[in-house]
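Thanks, everyone, for making the time this morning.

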Amino acid sequence: MTRRHLTLGAIALLLGIWGFLPEFTITMLNYIGLYALVAVGLVMLTGVGGMTSFGQAAFVGLGAYATAWFCTAPAAAALVGLAPGSALLPWIGLLVGLAMSAAVAWFLGSVTLRLSGHYLPLGTIAWGLSLYFLFGNLEFLGGHTGMAGLPALSVGAIELRSVRELGLLTWTVLLLTLWGLHNLLDSREGRAIRSLKTGRVMAESMGVDTARYRIKVFVLAALLASLSGWMYAHLQRFVNPTPFNLNIGIEYLFMAVVGGAGHLWGAVLGAALITLMKQYLQDILPSLLGSSGNFEVIVFGLLMLLVLQRFPEGLWPSLAVRVNRHLNPQAATRSGAIHQLAERTLPAKGSVVLGATAVSKRFGGLLANNNVNLDVRAGEVHALIGPNGAGKSTFFNMISGVDDPSSGVVSLLGRDMKNQPSRAFAAGGLGRTFQHVRLLGTRSVLDNVALGAHQRGQRGWLAAMLRLDRAEESALMQEARRQIERCGLGAHVHEATGSLALGQQRVVEIARALTGQPSVLLLDEPAAGLRHLEKQALARLLTQLRDEGLAILVVEHDMEFVMNIADRITVLEFGQVIAHGTPAEVQVNPAVLAAYLGGADGELAA
Ligand code: ADP
Ligand code: MG
């Protein structure tokens, strides 16, 4: 039995007993489904994307109020040219609710998400508070008493009058959502989304527009909340502001976190636990402690703390480990269709791929790079060396788009890259690794390496959710595997990168860069922390890549390593180029020997 069999079996079982479950159970299931829909949006946002929102309840409210207004106010019906009571009105309400939620989320996201840190959570708190008070104060939305008399939903000719019927819709929508999100996460776009949480600088260098992805995830979560609010309104047949206030927004966040913030099914588990627990506490606490205080809030908070203390990753992962032991691993689905990835024509050997002309960088009074000229040609390894603090990393950042020069020109394949972000460098054919390895440690080598091919695919979110991207995805995976094998990590394809040795992790970064089919490869201290044999293997790999026509720039400390592999060397000191030439020339250059004090009989002599 695989996970898919288990899931389908559970769904079939639920469907089979649906007609026989008691009314109360069905009602609880209905609420759990509605809450889980909101919580799964938060899982995407918080657990996967690394952003926090306290304001999801307000999006639920938007969805609920939009349909309530269209269904009950004659003026609203007239506005869209329908007779009051038309069965189409709830659907108009749904569309308007979704559109408004998307617009608010997009606006909030674009003003807060481009900034760093706590702006989004703060923005969502402000939004949650203000919408709650707005609902309560708007006369045409019924003020604090709310709006009653919402019609039952009807899908085609079927009217969903009872909780039992509506519950089927709720759970169908929830399960389809889970399926779509699961597919999304298992795709090129999903890899980009997963990189938002910890690897934004890295993801940008792989060509991912992280600000845009963050906004899109936020809009997605808002849409799911709004959809839940729409169904909630037609379940209750009545709306008032109370269920949409900030407290409830925090409860939704609890559901996502307690269930397992990074796991889609954790949202369902969290929603179920919290809904049932609240119900239970409301029943038993008054009989134990008297009905004078809201004790359930306190007990509830304490229980949450306990759970999070004991299971910081949420409950789902522990549950999944136990269940997975009894399941067979799932066979990867393969697409039969052939897909050709975008290919780049590599520049001719010897031509300049990346060039810096008179590049300077000033940090306040410090001139970290002073008038640096350097070019990297196809089919050569160019090494940039210099003592600590010479300005190597500063230069590296400027030629990879992480930082802008104060003056001077950086050009990639003849194009002036002024004011371009690092993802434009990636698009132009620059691949890079990081001095401090930046990998998603819990994801597999294959997953990490495939992110490097981000810009070679095109299929979007919807295609991924509907599994229309399979041909492209298997081509990307095949390319990632090819590069992993070429770099000698074929035996580790499915291992989590966090469990590899540092040397292997550095090679994973190289494979990731190669998957983007770069014309030039930048390596920041690739030999740091490697053992002797690992260095030799790395040198062999780089030599092979150079022979294939790649332009390679290495910033490195290890002299022996550099002298071994470099065709040309540029030496920096105090931000200035003090020497340039072949390894043999540089080794005997007096300025270089002086810079590496004691180097004449030390490092350089090697
Ligand atoms: P290297 O990589 O060769 O060791 P760096 O490029 O990191 O040298 O640093 C060159 C000089 O620039 C150092 O004196 C460093 O303190 C300074 N520097 C680097 N980055 C910044 C920054 N963001 N703000 C101010 N000074 C910086
Ligand atoms: Mg450095």
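Let me begin with helix α2, residues 23-48, and helix α7, residues 163-185, whose axes come within 9 Å and cross at roughly 20°; please keep in mind throughout that this is a predicted model. Angles under 35 degrees count as roughly parallel, and α2 and α7 are therefore roughly parallel to each other. As for the hand of the crossing, α2 passes α7 in a left-handed sense. If we then sort the residues of the contact of α2 with α7 by class, we find 18 nonpolar, 6 polar and 2 charged.

Now to the ligand. Which residues are around ligand 1? They are Phe363, Leu366, Ala368, Pro387, Asn388, Gly389, Ala390, Gly391, Lys392, Ser393 and Thr394, and by class this shell has 5 nonpolar, 5 polar and 1 charged residues.

With threonine 394, by contrast, a polar side-chain atom is involved, lying 2.6 Å from an oxygen atom of ligand 1.

On its own, ligand 1 has 560 Å² of accessible area, of which the protein covers 56%. The elements giving two or more residues to the shell around ligand 1 are β6 (366-377) and α15 (392-399), and the largest share, 3 residues, comes from α15.

Key: Residues are numbered from 1 along each chain as its sequence is written. Chains are lettered from A and ligands numbered from 1 in the order in which they are written. This is a predicted model: local features need pLDDT of at least 70, side-chain atom pairs count only at pLDDT 80 or more; totals for chains, interfaces and linings use all residues. Side-chain values use heavy atoms; hydrogens and water are left out. Axes are lines fitted to C-alpha atoms, for helices over the stretch in contact, and angles run from 0 to 180 degrees between N-to-C directions. Helices (H or I, at least four residues) and strands (E, at least two) are DSSP runs, numbered from the N terminus. Angles under 35 degrees count as roughly parallel, over 145 as roughly antiparallel, 65 to 115 as roughly perpendicular and the rest as oblique. A crossing is left-handed if the near helix is turned anticlockwise from the far one by less than a right angle, and right-handed if clockwise. Ala, Val, Leu, Ile, Met, Phe, Trp, Tyr, Cys and Pro count as nonpolar, Asp, Glu, Lys and Arg as charged, and the others, Gly among them, as polar. A residue is near a molecule or strand if one of its heavy atoms lies within 4 Å of it. A polar contact is a pair of N or O atoms within 3.5 Å; within protein, one must be able to donate a hydrogen and the other to accept it, and residues adjacent in sequence count only if both atoms are side-chain atoms. Accessible areas come from the Shrake-Rupley method with a 1.4 Å probe; for residues, only the protein chains shown count as cover.
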